[in-house]
Amino acid sequence: MRAPARAEESLLEQLAARRATAEPEFLAAQRRAAAEAFARLRLPTVKHEDWKYTSLAALAQIPWRAAAPASLDAAGLAALTALPAAPRLVFVNGRYDFRLSDLSGVPEGVFVGSLADALARAPEMLEAWLGRRSRATDHAFAALNTALAVDGAVVVVPPGVAVETTIHVLHVTVAEEPIAVHPRHLLVAGPGAKACVAEIYAGHEGEYLVNAQTEVYAGEGAEVEHHRVQLDGANAFHVGLLEVEQGKESRFRSHAFALGGQLSRLEARALLGSERADCTLEGLYLGRGRQLHDQLVLVDHASPACTSREMFKGILDDRARGVFAGRILVREDAQKTDASQVNSNLLLSDDAEIDTKPQLEIFADDVKCSHGGSVGQLDETALFYLRSRGVEAPVARAMLTYAFAAEVVGRVRPVELRSYIRRLVATRLPHGERLLEAI
């Protein structure tokens with residue numbers, strides 16, 4: 001076995017030092033198995049196929065500490081996120097902050113709260129779901145999250161109940177030394193239920209690691225929307241894992257926006273476990289400086305007549321790098337599958353790089369599947385057209401760049417959230433402030 005890196009040493013020490021707490025036995029068993037798994041797996045390297053293009057060498061050299069509780073006032077929260085008003089759960093350094101949270105507007109009968117509180121008050125509500133889709137025995141970061149998670153968000157929507165408003169889950173990290181936080185989230189929508197949840201991650205410029213895991217279960221006929229906006233500080237590392245399981249005729253839509261951090265890795269894994277389930281996974285990553293944004297997507301068509309759509313776009317400038325690995329798996333019994341996957345990338349500089357690997361793995365014969373990837377630069381003809389009509393060159397380039405991103409941004413259904421994301425994206429593009437005047 002190879003010698004552990006500094007990060008592994010500190011994380012293994014945290015696993016060994018973690019004290020048993022008064023928690024349900026089902027969770028305690030998961031934590032024990034996860035700790036053993038990480039001790040065996042260690043941090044992945046480029047020799048692992050799923051991490052072939054993303055080196056964790058910088059992350060592995062940092063002696064991460066467990067995040068201590070921290071406080072934040074309303075002004076500080078607004079400065080980092082500036083989100084529109086909506087029901088919200090706020091977590092600071094991985095712990096629920098009831099002072100900054102606001103659950104008004106949540107329908108009666110819907111549980112929206114912190115994981116720690118739910119485990120203390122109603123563990124039976126979670127036992128059938130928490131950890132059901134987790135890959136804590138074969139995924140190093142999932143193992144760390146399962147073993148070390150302190151808190152997270154829980155949303156449970158009873159059958160037939162529609163939550164019309166978006167529930168915001170805000171995570172803020174305040175780091176005075178290198179710390180690691182492990183948010184753990186659970187969203188359960190019963191048969192015929194409807195819910196929309198948006199996770200927003202932000203932080204100061206300190207060095208920190210966010211290792212987040214979200215499990216989503218959509219019951220028969222349920223409609224679930226999930227959004228992730230990653231706005232972490234320039235020195236942050238962010239690893240996010242989304243696990244989805246869909247029931248018969250359910251609909252799931254996800255939009256992921258990777259904007260911050262020095263290294264961001266977002267994974268989405270969806271199991272279409274019952275017939276006629278419909279899954280849409282979309283994302284946008286913006287890289288500048290030396291940022292690295294990595295997207296891994298797996299859709300498992302395990303039942304007949306299911307539909308999946310994937311569209312991921314990347315905009316990379318300076319020496320930024322992007323990675324997209326998408327896989328559609330169609331199992332033998334999944335006849336009548338309809339699946340498509342597209343990854344498009346726009347390079348704004350000669351030094352920006354993208355590694356894209358869309359894949360199909362099909363074991364059924366009555367299917368309709370497609371995939372593709374593209375890499376290009378701004379259209380000179382379109383630039384000339386705008387310039388000939390009096391648009392300054394920097395603004396013309398910004399307009400065309402935003403138009404490339406707008407296809408993903410425009411698919412966010414909640415109006416206030418879409419406006420918020422539109423502004424975030426625009427301000428992170430070259431000459432974005434001037435662009436805001438034009439859109």
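How many salt bridges does the count come to? The count comes to 28 salt bridges. The model is predicted.

**Arg132 and Glu245**
- Arg132 and Glu245 form a salt bridge, with 2.5 Å between the closest N and O atoms.
- Arg132 sits in the loop between α5 (115–121) and α6 (140–148), and Glu245 sits in strand β12 (residues 237–246), so this pair ties together parts 113 residues apart in sequence.
- Arg132 counts as partly exposed, at 43% relative accessibility.
- Glu245 is buried, because its relative accessible area is 18% and the limit for buried is under 20%.

**Asp355 and Arg321**
- Asp355 pairs with Arg321 in a salt bridge, and their closest N and O atoms are 3.0 Å apart.
- Distant parts of the chain are linked here: Asp355 belongs to strand β20 (residues 353–362) and Arg321 to strand β18 (residues 321–330), 34 residues apart.
- Asp355 has a relative accessible area of 22%, so Asp355 is partly exposed.

**Asp97 and Arg99**
- A salt bridge joins Asp97 to Arg99, with the closest N and O atoms 3.0 Å apart.
- Asp97 is buried, with a relative accessible area of 7%.

**A network**
- Which residues are linked in a network of salt bridges? They are Asp50, Arg265, Glu267, Arg269 and Asp294.

Terms used
Residues numbered from 1 in each chain as written. Predicted model: local features only at pLDDT ≥ 70, side-chain atom pairs only at ≥ 80, totals over all residues. Heavy atoms only, no water. Salt bridge = Lys/Arg side-chain N within 4 Å of Asp/Glu carboxyl O. Buried < 20%, exposed > 50% of the residue type's maximum accessible area, 1.4 Å probe, protein only. Helix = DSSP H or I, 4+ residues; strand = E, 2+ residues; numbered from the N terminus.
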